[in-house]
Amino acid sequence: MRQTPFILVFVTMLALGMVGLLVLTTKLQDQAFELRSLQQQATELSYREASLESDVDKARSPQALAALASALGMRANTHAVYIELPSGKIVGTPTKVKESDMSSIVVKTAEESAAEAAARAEATQQAQARATQTQSQQG
């Protein structure tokens, strides 16, 4: 009988230890899952950042700048004029660029290129239709 309180205390301590160990293990697993989720999110964000940096680099490229300038109607001026900074003197004759000047360097946007291709395809189809109609009338 004297050992009954000791056994009761021992069993209680053992049960509390097991419950504490179970709670600790569960908490560690939750934190491991959260860590894995945050690592995946960080990886996705780093891929997104790289993609955005690539988009910015493309937008800053000379080709993109030329396409935007052409879309706004800007043309390269073949009549260069310079300003001497110390004196403010203008060297050369300022001349406005004409639409026909340097037309070979006009950069077309994807929409303009697609519209021109569609117009060419339609013109080709109409020419073929006329040729077929002419052949059927002659034959």
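Colleague: To start, which helix does Glu 44 lie in?

Modeller: Glu 44 lies in helix H1, where helices (H or I, at least four residues) and strands (E, at least two) are DSSP runs numbered from the N terminus. Please keep in mind that this is a predicted model, in which local features need pLDDT of at least 70 and side-chain atom pairs count only at pLDDT 80 or more, while totals for chains, interfaces and linings use all residues. Residues are numbered from 1 along each chain as its sequence is written, and side-chain values use heavy atoms, with hydrogens and water left out.

Colleague: Is Glu 44 buried or exposed?

Modeller: Glu 44 is exposed, with a relative accessible area of 56%; buried means under 20% relative accessible area, exposed over 50%, and partly exposed in between, with a 1.4 Å probe and protein chains only.

Colleague: How many Å separate the C-alpha atoms of Glu 44 and Leu 8?

Modeller: Their C-alpha atoms are separated by 54 Å, the two residues being 36 apart along the chain. For Gln 41 and Leu 8, which are 33 residues apart along the chain, the C-alpha separation is 49 Å.

Colleague: Changing topic, how many aromatic pairs turn up?

Modeller: A search of the whole structure finds 1 aromatic pair. Phe 6 and Phe 10 form this pair, which is stacked, at 6.5 Å centre to centre and 20° between the planes. For the cut-offs, rings of Phe, Tyr and Trp (its six-membered ring) pair if their centres lie within 6.5 Å, and planes under 30 degrees apart count as stacked, over 60 as edge-to-face and the rest as tilted.

Colleague: Why are those two about one helical turn apart?

Modeller: Because Phe 6 and Phe 10 are 4 residues apart in helix H1, which covers residues 3-59, they are separated by about one helical turn. Phe 6 is exposed at a relative accessible area of 60%, and Phe 10 is exposed at 51%.

Colleague: Last topic, what is the order of elements in the protein?

Modeller: From the N terminus on, the elements run α-α-β-β-α, and there are 3 helices and 2 strands.

Colleague: What does the C-alpha trace span?

Modeller: Along its principal axes the C-alpha trace of the protein spans about 120 × 75 × 15 Å.
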